[in-house]
Amino acid sequence: MATRVLDQSDISRALSRIAHEILEREKGAANLVLMGIPSRGVPLAHRIAERIGAIEQGAAPPVGSVDITMFRDDLRMRPARPLARTEVPPGGIDGRTVVLVDDVLFSGRSIRAALDALSEIGRPRAVRLAVLVDRGHRELPIRADYVGKNVPTSLRETVRVRVVDSDGVDEVVIGEDA
Amino acid sequence: MKRHLLSAADLSHDDAVLVLDTARELAAVSDRAVKKLPTLRGRTVVNLFFEDSTRTRISFEAAAKRLSADVINFSAKGSSVSKGESLKDTAMTLQAMGADGVVIRHSASGAPHRLATAGWIGAAVVNAGDGTHEHPTQALLDAYTMRHHLAGGSGDLAGARVTIVGDVLHSRVARSNVLLLDTLGAHVTLVAPPTLLPVGVETWPCEVSYDLDAPLPHTDALMMLRVQRERMSAAYFPSEREYSRRYGLDARRSALLPTDAIVMHPGPMNRGMEITAEVADGPRSVIVEQVTNGVSIRMAVLYLLLGGAETA
């Protein structure tokens with residue numbers, strides 16, 4: 001049985017709120033860079049950036065992507081995986097405030113890998129974390145600065161984020177692992 | 001992907017595209033200030049070179065180091081022990097040292113296959129050129145270079161027209177290229193004097209021509225092969241001038257190519273023999289690019305063979 005916990009308008013509102021929160025806490029969009037973690041984090045980062053641009057009535061902050069495959073700690077546990085794109089915005093990330101964007105925050109291991117990957121690209125002034133869903137069960141001392149929705153889950157459940165760009169629909173679904 | 005890379009024929013269409021895509025993402029690493037990824041930390045890659053090589057060995061070494069692997073260079077040049085035994089003894093040494101990957105170049109065709117399948121070692125084996133047999137990573141980097149220029153850098157090479165010219169008989173590059181390019185959907189024409197074509201070439205998935213001028217106007221990528229004088233024990237053509245005149249690439253022939261066609265050479269070049277300096281350094285030439293792409297391709301191969309679980 002799959003339960004939908006966020007629909008299209010829920011996601012839209014959550015991203016708008018995150019955009020406002022980022023602007024409030026970072027005191028404006030100057031010096032911001034959004035880095036999405038592939039695959040679902042990248043379209044989410046673009047949407048947050050668009051909203052920030054709309055709120056500020058100026059240019060949206062630059063958006064990039066950071067592939068974490070080569071930095072994962074479970075690389076040896078599965079066959080080699082295909083890589084995703086790492087795209088550094090033209091201005092780079094040195095001295096900027098980087099907001100990492102991912103779909104689901106779970107163990108925290110992806111974020112650890114992303115932090116390592118970022119440090120290979122440059123030295124940001126600060127790194128923040130924005131996620132659409134925080135499902136708990138952290139295995140590392142990592143927390144999100146901006147959360148779309150906290151969704152309490154059991155370890156047996158799976159959380160799937162679908163976005164229009166790759167899945168044709170915007171929704172977050174909780175299912176029971178078979 | 002199979003566990004070893006011994007022949008370009010080991011790669012399915014999807015495998016080959018995966019290697020090229022992986023290399024495309026890894027190419028960006030070479031442009032960064034920190035040219036290093038932690039992926040193969042703690043893994044040992046042995047470069048086992050029984051035959052002279054500069055660019056291939058350096059390329060593999062750079063690739064392994066950029067992935068943080070420990071690299072051991074084993075140059076077996078000058079070894080007088082008979083081939084089979086020495087290879088086995090060397091293999092057992094490598095096994096004792098705990099090698100995870102072995103990159104082997106050998107003058108005997110089939111040596112990498114023997115090393116991979118004889119049960120001497122548990123490491124993944126990458127063929128870096130064996131005799132006149134195969135050189136799969138060269139074919140991959142050539143395909144990568146062609147894809148970048150002819151197919152917009154993604155997908156396969158469906159419909160691309162590739163002409164490979166010269167010493168096909170002694171060329172492991174030609175054999176690997178024909179196999180891989182066929183897998184990727186390209187249309188290959190081999191051009192060589194009859195004496196420099198191997199027996200059975202008519203069974204290869206390509207066309208054969210003795211005349212160079214005819215296919216040039218229908219060629220998207222032109223690959224000139226090195227005349228391998230060191231492997232030639234007999235007279236395969238009357239004189240170097242005669243060869244140059246009939247099968248060498250000069251400015252006149254280069255002008256017969258379509259506007260966007262590229263000129264390739266696996267190196268090292270005999271300037272003035274199979275290719276004139278004018279063309280080798282000209283605007284169509286992507287020869288330097290091939291070397292750069294070689295590192296990305298070898299990173300991709302090492303990552304895909306050694307980066308994941310053992311049972312990959």
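**Strand pairing, domains and chain contacts in the predicted complex**

B:Thr44 has B:Asp70, a residue of S2(B), as its bridge partner. The model that shows this pairing is a predicted one. The strands concerned are S1 (residues 44-49) and S2 (residues 70-75) of chain B, which pair in the parallel sense over 6 bridges. Together with helix H2 (residues 55-66) of chain B, S1(B) and S2(B) make a β-α-β unit, and this unit is right-handed.

The confidence values for the prediction were as follows. For chain B the mean pLDDT is 91, with 95% of the residues of the chain at 70 or more. For the complex, the predictor gives an ipTM of 0.85 together with a pTM of 0.91. Where pLDDT is low, predicted coordinates should not be read in detail.

Chain B was next examined by domain. The domain assignment gives domain 1 of chain B as 8-135 + 292-306 and domain 2 of chain B as 137-286. A distance of 25 Å separates the C-alpha centres of domain 1 of chain B and domain 2 of chain B. Contacts between the domains involve 25 residues of domain 1 of chain B and 24 residues of domain 2 of chain B. On the side of domain 1 of chain B that touches domain 2 of chain B, the elements giving two or more residues are helix H1 (13-27), strand S4 (124-130) and helix H10 (287-306) of chain B. Of these, H1(B) gives the most to that side, with 7 residues. By residue class, the side of domain 1 of chain B that touches domain 2 of chain B has 12 nonpolar, 8 polar and 5 charged residues.

In the complex, 15 residues of chain A are in contact with 16 residues of chain B. The side of chain A that touches chain B comprises 9 nonpolar residues, 1 polar residue and 5 charged residues.

One residue of chain A was considered individually. A:Pro82 is located in the loop that runs between strand S3 (63-65) and strand S4 (97-105) of chain A. A:Pro82 counts as exposed because 12 other C-beta atoms lie within 10 Å, and the cut-off for an exposed residue is 12 or fewer. From A:Pro82 to A:Ile68 the separation is 14 residues in sequence and 11 Å in space, C-alpha to C-alpha. When neighbours within four places in sequence are left aside, A:Pro82 is in contact with B:Leu18, B:Asp21 and B:Thr22.

Note on methods
Residues are numbered from 1 along each chain as its sequence is written. Chains are lettered from A and ligands numbered from 1 in the order in which they are written. This is a predicted model: local features need pLDDT of at least 70, side-chain atom pairs count only at pLDDT 80 or more; totals for chains, interfaces and linings use all residues. Domain bounds come from an automatic or database domain assignment. Two residues are in contact if their C-beta atoms, placed from the backbone, lie within 7 Å. Helices (H or I, at least four residues) and strands (E, at least two) are DSSP runs, numbered from the N terminus. Ala, Val, Leu, Ile, Met, Phe, Trp, Tyr, Cys and Pro count as nonpolar, Asp, Glu, Lys and Arg as charged, and the others, Gly among them, as polar. pLDDT is the predictor's confidence in each residue, from 0 to 100. A residue is buried if 20 or more other C-beta atoms lie within 10 Å of its own, exposed if 12 or fewer, and partly exposed in between; C-beta atoms are placed from the backbone. Two strands pair if DSSP finds at least two bridges between them. A crossover is right-handed if, with the strands pointing away from the viewer, the path from the first strand over the helix to the second runs clockwise.
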